[in-house]
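Visitor: I would like a close look at one part of this model. Please take the packing between helices, and keep it brisk.

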Amino acid sequence: MRCPICDDFERALEDRTSEYRKACSNTVYCRISSRFVAYRNVEMERARSELEMHRSVCASAVTEDHGRTALSSI
Ligand SMILES: [Zn+2]
C-alpha cells in the first residue's frame, strides 16, 4: 500500500530537482545569480531530507525496505 505522505514528499522532491536542474542549465542564472542556483540546491536538499526523515518513521516505507535490509545484512 502506498503512503500518500511519501507520495507528496516524493513529488515535492521531483519538483525541486527539476527546478534545480532548470536553474543549472540556464547559463544566465548561473552567471549572474549563483545565489539563486544555490537556493534551488538548498530547497532540493531540504525536500530530500524531509522525505528521508518521513521514511524513517513511515510504516509503509519500513515494510518496503524490510526485504532489502534483510538481504544486505547477509
Ligand atoms: Zn510515508
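Guide: Start with the inventory. This is a predicted model, and its chain has four helices and zero strands. Read from the N terminus, the order of elements is α-α-α-α. Among contacts between residues at least 6 apart in sequence, 67% link residues at least 24 apart. Of the 74 residues in the chain, 12% count as buried.

Now the pair to look at. Helix 1 covers residues 4-25, and helix 3 covers 34-57. These two helices pack at an angle of about 160 degrees, and their axes lie 9 Å apart. Angles over 145 degrees count as roughly antiparallel, so helix 1 is roughly antiparallel to helix 3. The crossing of helix 1 past helix 3 is left-handed. On the helix 1 side, the contact includes Ile5, Cys6, Phe9, Glu10, Leu13, Arg16, Tyr20 and Ala23. Helix 3 answers with residues including Phe36, Val37, Arg40, Met44, Ala47, Arg48 and Leu51.

Next, the core. The largest nonpolar core has seven residues: Phe9, Leu13, Tyr20, Ala23, Met44, Ala47 and Leu51. Helix 1 gives the largest share, four residues.

Take Leu13. Leaving aside neighbours within four places in sequence, leucine 13 is in contact with Ala47, Arg48 and Leu51.

Then take Ala23, which sits in helix 1. Why does alanine 23 count as buried? A residue needs 20 or more other C-beta atoms within 10 Å to be called buried. Alanine 23 has 20 such atoms, so it is buried. Beyond neighbours within four places in sequence, alanine 23 is in contact with Tyr29, Phe36, Val37 and Arg40. Take Val37 from that list. Alanine 23 and valine 37 are 14 residues apart in sequence, yet 5.7 Å apart in space, C-alpha to C-alpha.

The mean pLDDT of the chain is 83, and 80% of residues reach 70 or more. Confidence is highest in helix 1, at a mean of 94. Confidence is lowest in helix 4, residues 59-72, at a mean of 57. Over residues 69-74, pLDDT stays under 50. That stretch has zero contacts beyond four places in sequence. Where pLDDT is low, the predicted coordinates should not be read in detail.

Note on methods
Residues numbered from 1 in each chain as written. Predicted model: local features only at pLDDT ≥ 70, side-chain atom pairs only at ≥ 80, totals over all residues. pLDDT = per-residue confidence, 0-100. Contact = placed C-beta atoms within 7 Å. Core = buried A, V, L, I, M, F, W, Y, C linked by C-beta atoms within 7 Å. Axes fitted to C-alpha atoms, helices over the stretch in contact; angles between N-to-C directions. Parallel < 35°, antiparallel > 145°, perpendicular 65-115°, else oblique. Left-handed = near helix turned anticlockwise from the far one by under 90°.
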